[in-house]
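Here is a briefing on the structure shown below.

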Amino acid sequence: MARDETFAKVMEIIGRYAKNKDALEGATDDTNILEDLKVNSARLVDVILDFEDEFDIEVADEDADAVNTVGDAVTLIEAKLG
Amino acid sequence: MGQPLVTEVPRIPRRTRFALWLQREVGRLTSVFWIPAGAFAMKYVMGYRIKNAARLRKRFRRIVAESDEPILICANHLTMVDSMLVAWALGGSWWYFFNYRRLPWNLPEYRNFAALWFGRVAVWLTKCIPIKRGGKREEVSGVLKRVKYLLARGETALIFAEGGRSRTGRVNLDSIAHGMGRIASNVRDCKALVVYLRGDRQRSWSTVPAMGDSFYVDIALIRPQSDRKGIRRSREFAQQIAQRLARMEEKYFARRK
């Protein structure tokens, strides 16, 4: 799967939980999920679980710790997909 | 249910281990002052009363005497002094001098006390590990690792099931602290002591309970189960604890009708 495609799917998932809908349009790899997109920290787990379902991957708590930005999420998913 | 899929207790740096040891020992040595002071403030200054305190404390002491397994206390959260109230309700005051490891470590929100040096010293002495809720994931993870380390060493810790104070005044199952499940699922043989505490005059969330309030306290010892792995396992643990807490709240309100 191309990185652009993964990015698009990641944004679609995050978009369900983002409170700052305006920031979604201009989001880049550097966009912070909690601070810029205003995803509630308690909801970040739901985001990761949706990644698991969408990409058929398994994420450990320690892996999830590395996810701060959209780019981090894409990198994690790509690494899991091999 | 499958076999527990428990990871090893994380190895934390020697410097962090030493810092925790120092904090614990200085806290223990000074506890002859601050534990009675805290209990005095709650009982005589604020006029708080724990209903059925003797029976509750007897039950808690029996629970900790029956097994040496780690205990994570998971409570509901309505006021900023809930951690003090829970500790007082379960152990009283003098009992902790002889069972200091059963005085729970707390994870207070850093921003609530960091402004004053006095606040920072007070939380350091009183077995607190500050956490920035919603902060950088690595920092939050570091705090959770320290709690897991402490539990594995036979200490007791308290975490609020909803992270922050419930803005609805009721247990909010949509706002469960994932860290709670993460700790419980990653520490071998860890049990969750679910604690529901509420003052009779506590309508919603607040800074402190009303003066002279009487507190209903219910406890339940559970061992969450899951045959999942990773983040789903932690999520299921957190959900089981929070659902138990919600049932305890239903029981509380049913009794008040």
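B:Arg62 sits in helix H2 (residues 53-66) of chain B; helices are DSSP runs of H or I with at least four residues, strands are runs of E with at least two, and both are numbered from the N terminus. The model is predicted: local features need pLDDT of at least 70, side-chain atom pairs count only at pLDDT 80 or more, and totals for chains, interfaces and linings use all residues. Residues are numbered from 1 along each chain as its sequence is written, while chains are lettered from A and ligands numbered from 1 in the order in which they are written.

**B:Arg62**
- B:Arg62 is exposed because 9 other C-beta atoms lie within 10 Å (exposed means 12 or fewer, buried 20 or more, partly exposed in between, with C-beta atoms placed from the backbone).
- B:Glu109 is 47 residues away from B:Arg62 along the chain, and their C-alpha atoms are 31 Å apart.

**Fold of chain B**
- Chain B holds 8 helices and 5 strands.
- Read from the N terminus, the order is α-β-α-β-α-α-α-α-β-α-β-β-α.
- The radius of gyration of chain B is 17 Å, close to the 18 Å from the globule rule for 257 residues, so chain B is as compact as a globular protein of that length (the radius is taken over C-alpha atoms, and the rule is 2.2 Å times the number of residues to the power 0.38).
- The C-alpha trace of chain B spans about 45 × 45 × 35 Å along its principal axes.
- Of the 257 residues in chain B, 36% are buried.
- Take the contacts in chain B between residues at least 6 apart in sequence: 75% join residues at least 24 apart (a contact needs C-beta atoms, placed from the backbone, within 7 Å).

**Contact of chain B with chain A**
- Chain B gives 17 residues and chain A gives 14.
- On the chain B side, helices H6 (137-152), H7 (178-186) and H8 (230-256) each give two or more residues.
- H8(B) has the largest share of that side, with 5 residues.
- The chain B side has 2 nonpolar, 7 polar and 8 charged residues (Ala, Val, Leu, Ile, Met, Phe, Trp, Tyr, Cys and Pro count as nonpolar, Asp, Glu, Lys and Arg as charged, the others, Gly among them, as polar).

**Helix pair in chain A**
- H1(A) meets H3(A) through A:Lys9, A:Ile13, A:Ile14 and A:Tyr17; the H3(A) partners are A:Asp46, A:Val47, A:Asp50, A:Phe51 and A:Glu54.
- These contact residues divide into 5 nonpolar, no polar and 4 charged.

Terms used: Contact = placed C-beta atoms within 7 Å.
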